[in-house]
Amino acid sequence: MGCDTKIAATVWAPSYERATVMQASLAIVSLLSGVAAWLLGGGAMWLVGAVLIGSVVPFTFVAIMPTNKQLLSPGRDLASSETRALLEKWGRLQAVRSLLSFAAALVFTWPLLRA
């Protein structure tokens with residue numbers, strides 16, 4: 001966001017496209033792995049971590065996707081103040097998703113350290 005709005009929006013779109021599949025796949029694999037560890041007797045922390053990391057998927061659909069769609073809408077003025085506000089909102093929403101992921105990583109690490 002240190003760039004002007006047009007450059008930031010221009011860079012955001014292809015980065016978003018590349019990251020979408022990777023991030024969703026990693027969240028789902030982490031969710032399934034945490035649930036599997038819990039089912040195999042690993043303890044409740046694995047389930048807690050799985051729920052935390054899994055929560056980023058519905059959060060993305062409910063909270064982030066509307067902003068993504070607005071940013072990707074055809075004909076958007078990439079230099080506008082509205083685009084800037086959307087990019088800033090997207091950044092705040094990403095921070096929530098990052099915090100959920102970080103919390104899941106901490107929870108997943110806890111049983112490993114206690115073993």
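View 1. R76 is buried, with a relative accessible area of 16%; buried means under 20% relative accessible area, exposed over 50% and partly exposed in between, with a 1.4 Å probe and protein chains only. This is a predicted model, in which local features need pLDDT of at least 70 and side-chain atom pairs count only at pLDDT 80 or more, while totals for chains, interfaces and linings use all residues. Residues are numbered from 1 along each chain as its sequence is written, and side-chain values use heavy atoms, with hydrogens and water left out. R76 forms a salt bridge with E82, and their closest N and O atoms are 3.7 Å apart. A salt bridge is a side-chain nitrogen of Lys or Arg within 4 Å of a carboxyl oxygen of Asp or Glu. E82 counts as partly exposed, at 45% relative accessibility. Side chains of opposite charge can pair when their charged atoms come close. By this rule the count comes to two salt bridges.

**View 2. The salt bridge between R84 and E88.** The side chains of R84 and E88 meet with an N to O distance of 3.6 Å. Because R84 and E88 are four residues apart in helix α4, about one helical turn separates them. Helices are DSSP runs (H or I, at least four residues), numbered from the N terminus. E88 is partly exposed, with a relative accessibility of 38%.

**View 3. The crossing of helices α1 and α4.** Two packed helices are described by the angle between their axes and the distance between the axes. The axes of α1 (residues 5-42) and α4 (residues 81-114) come within 12 Å and cross at roughly 25 degrees. Therefore α1 is roughly parallel to α4, a term for angles under 35 degrees. Axes are lines fitted to C-alpha atoms, for helices over the stretch in contact, and angles run from 0 to 180 degrees between N-to-C directions.

**View 4. Residues in the contact of α1 with α4.** T5, A8, A9, W12, Q23, S30 and G34 in α1 meet T83, R84, L87, W90, R97 and F108 in α4; contact means heavy atoms within 4.5 Å. The residues of this contact divide into six nonpolar, five polar and two charged. Ala, Val, Leu, Ile, Met, Phe, Trp, Tyr, Cys and Pro count as nonpolar, Asp, Glu, Lys and Arg as charged, and the others, Gly among them, as polar.

**View 5. The surroundings of T67.** T67 is found in helix α3 (residues 56-72) and counts as buried, at 1% relative accessibility. Leaving aside its neighbours within four places in sequence, T67 is in contact with L86, K89, W90 and L93.

Note on methods: Helix = DSSP H or I, 4+ residues; strand = E, 2+ residues; numbered from the N terminus. Parallel < 35°, antiparallel > 145°, perpendicular 65-115°, else oblique.
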